[in-house]
Amino acid sequence: MLRIVSSFVAACAAPTRRVRRILCSVCLGGAIVFIVLGVRLMHPLRSPVTVTVLWCVSLVLLALSLRLALNDVRAVREQYRRSRRDLFVATFSDEEFQNKVREKRAKLKQAEAPKE
């Protein structure tokens with residue numbers, strides 16, 4: 001049981017988007033299954049402990065799926081931010097762009113120079 005939990009936690013920390021989304025789907029599906037089982041099995045013959053355990057497991061799975069979804073959103077935002085930064089650096093480190101900036105600065109200096 002401990003090995004399953006540790007592998008699940010390790011998979012949750014995996015950086016790939018596909019793994020995060022699969023885990024989120026599995027957790028959300030598991031939560032839905034436990035909720036359906038809890039509703040279908042909740043009748044006077046079941047003990048309150050069983051019902052409580054079913055609902056607690058479904059809530060934990062739901063919370064875990066929400067956490068994984070938030071981690072995925074954070075990772076996508078970070079990837080977008082990184083790609084924007086790379087594009088910015090690539091644009092402004094281009095030699096042609098730097099030459100144009102130097103020419104514009106030189107023209108501005110000539111225009112601002114006092115005419116005698």
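**Entry 1**

I then took C24 and listed its contacts (heavy atoms within 4.5 Å). Leaving aside neighbours within four places in sequence, C24 is in contact with S65, L68 and A69.

**Entry 2: basis of the values**

I recorded that this is a predicted model, in which local features need pLDDT of at least 70 and side-chain atom pairs count only at pLDDT 80 or more, while totals for chains, interfaces and linings use all residues. Residues are numbered from 1 along each chain as its sequence is written, and side-chain values use heavy atoms, with hydrogens and water left out.

**Entry 3: the chain as a whole**

I counted 4 helices and 0 strands in the protein chain, in the pattern α-α-α-α along the sequence. Helices (H or I, at least four residues) and strands (E, at least two) are DSSP runs, numbered from the N terminus. Of the 116 residues, 15% count as buried. I use buried for under 20% relative accessible area, exposed for over 50% and partly exposed for values in between (1.4 Å probe, protein chains only). The chain exposes about 9800 Å², of which carbon and sulfur atoms supply 66%; accessible areas come from the Shrake-Rupley method with a 1.4 Å probe, and for residues only the protein chains shown count as cover. Among contacts with a separation of 6 or more, 57% join residues 24 or more positions apart.

**Entry 4: helix α3**

I checked the span of α3, residues 48-92. Its 45 residues reach 66 Å from first to last C-alpha, close to the 66 Å expected, the expected span being 1.5 Å times one less than the number of residues. The buried residues I noted in α3 include V51, L54, S58, L61 and D72.

D72 counts as buried because its relative accessibility is 9%. The count of salt bridges comes to 6, each being a side-chain nitrogen of Lys or Arg within 4 Å of a carboxyl oxygen of Asp or Glu. In one of them, D72 meets R21 at 2.7 Å, N to O. D72 lies in helix α3 and R21 in helix α2, so this pair ties together parts 51 residues apart in sequence. R21 is partly exposed at 41% relative accessibility.

I also found E78 bridged to R81, with the closest N and O atoms 2.9 Å apart. Both lie in α3, 3 residues apart, about one turn of the helix. A further bridge joins R102 and E95 at 3.8 Å, N to O. Salt bridges that share partners join R20, R21 and D72 into one network.

**Entry 5: the nonpolar surface**

I located a nonpolar surface patch of about 530 Å², made by L28, I32, V36, L59, L62 and L66. Patches are made of residues with over 30% relative accessible area and no salt bridge, with like charges joined within 9 Å and nonpolar side chains (Val, Leu, Ile, Met, Phe, Trp, Tyr) within 5 Å. Helices α2 (17-41) and α3 each supply at least two residues of the nonpolar patch. I32 lies in α2 and counts as partly exposed at 48% relative accessibility.
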